[in-house]
Amino acid sequence: MRGAVPPVPPVLKFIQQHARQDDHEAYGTLNMGAGFALFVAQEEAQRCVEIAQAQGVAAMIAGRVEAGAKRLIVEPLGIEWGDDALQLR
């Protein structure tokens with residue numbers, strides 16, 4: 001499964017443009033409207049989306065968790081942060 005990103009709200013596009021931030025900086029600083037994430041077992045992901053949508057909450061399967069080095073990759077945008085930038089434990 002390839003990751004996805006939610007649509008960016010116009011106000012955040014405006015801020016990014018006028019602050020002259022590239023995607024790496026804008027997503028790292030502003031989150032670009034991604035909101036929050038739930039981490040659930042892969043076999044439960046689609047059901048979680050369905051439950052959220054039934055309650056009027058926009059939801060999507062945005063990625064996956066894998067074993068390995070601590071990092072965050074936004075595949076559709078080619079952006080990556082390591083654990084040093086994310087301050088992960």
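**Entry 1: Q16.** I began with the contacts of Q16, where contact means heavy atoms within 4.5 Å. Setting aside its neighbours within four places in sequence, I found Q16 touching Q21, D22, D23, A26 and M32. Q16 itself sits in helix α1, residues 10–19. Helices here are DSSP runs of H or I with at least four residues, strands are runs of E with at least two, and both are numbered from the N terminus. I then asked myself: is Q16 buried or exposed? Q16 is buried, because its relative accessible area is 14% and buried means under 20%, with exposed over 50% and partly exposed in between (1.4 Å probe, protein chains only).

**Entry 2: what I am looking at.** This is a predicted model, in which local features need pLDDT of at least 70 and side-chain atom pairs count only at pLDDT 80 or more, while totals for chains, interfaces and linings use all residues. Residues are numbered from 1 along each chain as its sequence is written, and side-chain values use heavy atoms, with hydrogens and water left out. The pLDDT is the predictor's confidence in each residue, from 0 to 100. I noted a chain mean of 88, with 94% of residues at 70 or more. Confidence is highest in α3, at a mean of 96, and lowest in α4, at 80.

**Entry 3: the overall layout.** I counted four helices and two strands, in the order α-α-α-β-β-α from the N terminus. The C-alpha atoms fill a box of roughly 40 × 35 × 20 Å along the principal axes. Of the 89 residues in the chain, 16% are buried.

Entry 4: As a reminder to myself, most residues other than glycine have a negative phi. R20 has phi near 55°, a positive value, and M32 has phi near 45°, also positive. R20 is in the loop between α1 and α2, and M32 is in the loop between α2 and α3. R20 counts as exposed because its relative accessibility is 76%, whereas M32 is buried at 2%.

**Entry 5: the core.** Which residues make up the largest nonpolar core? I listed eight: V8, L12, A26, Y27, M32, V74, I79 and W81. Such a core is a set of buried Ala, Val, Leu, Ile, Met, Phe, Trp, Tyr and Cys residues joined through side-chain atoms within 4.5 Å. Both α2 and β2 (79–82) give at least two residues to this core. Beyond its neighbours within four places in sequence, W81 contacts H24, Y27, G28, R71, L72, V74 and L86.

**Entry 6: the pocket.** The largest pocket has a volume of about 2,000 Å³. On a 1 Å grid over the protein atoms alone, a pocket is an open set of points where a 1.4 Å probe fits, with protein on both sides within 12 Å along at least five of seven lines, and lining residues have an atom within 4 Å of a point. I noted 47 lining residues, with A37, F39, A62, G63 and R64 nearest the centre. The elements giving two or more residues to this lining are α2 (23–30), α3 (45–54), β1 (71–74) and α4 (83–86).

**Entry 7: K70.** Last, I checked K70, in the loop between α3 and β1. K70 counts as partly exposed because its relative accessibility is 39%.

Conventions
Grid points are joined across faces, edges and corners, and a volume is the space filled by probe spheres set on the points.
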